[in-house]
Every structure is written in structure tokens, then in C-alpha cells.
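Hello,

Here is the structure I said I would pass on. My notes on it follow below.

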Amino acid sequence: MNLRFGTKVDADWQSVREGFDEKLFKALNPPFPPVKVVRFDGCHKDDVVSLELNFLLFKQRWTSLITEHGYSDNGFYFIDEGRKLPFFLKRWKHHHGLIGLKDGTEIIDDISYGTGTLLTDWLMYPVLYVQFAVRKPVYQKYFG
């Protein structure tokens, strides 16, 4: 399954790129489940991001590897891929893009995921949709 979000912010792409740090990462975390950042190396190839998700009765580890990053004349991108995922996910690939515009930057979140079955992929879709939709106002406030 795929999800794609685009968010326009009022900052140049270089400033947005510099702001993609652990502080922003923590600000983007949803209210549930509470997330503890265990490791945050950054957003360049071979960096690792590891989280602990607290579902109250149990905790799950989520570790992603940055498998690719790159620059262009008007932007930056990086891709994180799940290496150790919560039990409800079998596959995770998240392409983050920053595209410079005349009057700001468009932040792209393009996610591809799999749960193991088409039915559970569809059941997970609204949950993930909400988790990423709430990022829009955070991005806009953070880079406003």
C-alpha cells in the first residue's frame, strides 16, 4: 500500500534540510502510541533511527536504516527502510523529499508499507493516514 502527502512550508529547502533533526523528529511523533527515540543518527545513507513504541500493555521496537540520500539544485531527499518493525508491519519504505519552490518548500512524505495481507493493509491505511496527516501542521509551524 502507498500513502503520499505534500506539505508546503514558508522556508527555503536548505533551511528545511537543516531542520530535519532529532528535535523535529520528536515534534512529529503522534500522541499515540508514545514514542521514545532510542537512536537518531540523522538522514544520510547508513544512518539509523530506532524507536520504542509504547502501546501501554506492551512495547515494540522500530528500527529503520537510511538506505539512500541525495541532493539536487532545488532539493534533497532520503529514504528510510524498516529493518526491525512492530509486529503489525512486514515492510516499510519512506521516501522523504524536499522540493524548493519560488516561495518556500514542499515536503513530501511518500510511504510504501505492507502488513502481510491485503485486508490488514487496508485496515492499517486509515491509522497511518491519520498519523501522517497530523504532520502537516507540525511542519508548517516548525518551518513557518
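The strands named here are DSSP runs of E at least two residues long, and the helices are runs of H or I of at least four, both numbered from the N terminus. The model is a predicted one.

Loops first. Asp46 sits in the loop that links β2 (35–40) to β3 (48–54). Its phi is near 80 degrees, a positive value in a residue that is not glycine. Asp46 has a relative accessibility of 55% and therefore counts as exposed, the cut-off for that being over 50%. Leu56 also has a positive phi, near 70 degrees, and is likewise not a glycine. Leu56 is found in the loop between β3 and β4 (59–72). With a relative accessible area of 67%, Leu56 is exposed.

Next, the helices. The axes of α3 (residues 118–133) and α4 (residues 135–142) come within 5 Å and cross at roughly 15 degrees. Angles under 35 degrees count as roughly parallel, so α3 is roughly parallel to α4. On the α3 side the contact is made by Gln131, Phe132 and Ala133, and on the α4 side by Arg135, Lys136 and Pro137. By type, the residues of this contact are 3 nonpolar, 1 polar and 2 charged.

What does Trp92 touch, leaving aside residues up to four places away in sequence? Its contacts are Trp62, Ser64, Asp80, Glu81, Gly82, Leu85, Ile111, Ser112, Tyr113, Leu128 and Phe132. Phe132 is also one of the α3 residues in the contact with α4.

Last, the aromatic rings. There are 18 aromatic pairs, counting rings whose centres lie within 6.5 Å. In one of them, Tyr71 and Phe76, the ring centres are 4.7 Å apart and the planes stand at 50 degrees, so the pair is tilted. Phe76 is at 4% relative accessibility and so counts as buried. Tyr71 and Phe76 belong to one aromatic cluster together with Trp13, Phe20, Phe78, Tyr139, Tyr142 and Phe143.

Regards

Notes: Residues numbered from 1 in each chain as written. Predicted model: local features only at pLDDT ≥ 70, side-chain atom pairs only at ≥ 80, totals over all residues. Heavy atoms only, no water. Buried < 20%, exposed > 50% of the residue type's maximum accessible area, 1.4 Å probe, protein only. Axes fitted to C-alpha atoms, helices over the stretch in contact; angles between N-to-C directions. Parallel < 35°, antiparallel > 145°, perpendicular 65-115°, else oblique. Contact = heavy atoms within 4.5 Å. Nonpolar A, V, L, I, M, F, W, Y, C, P; charged D, E, K, R; others polar. Phe/Tyr/Trp six-rings, centres within 6.5 Å; stacked < 30°, edge-to-face > 60°.
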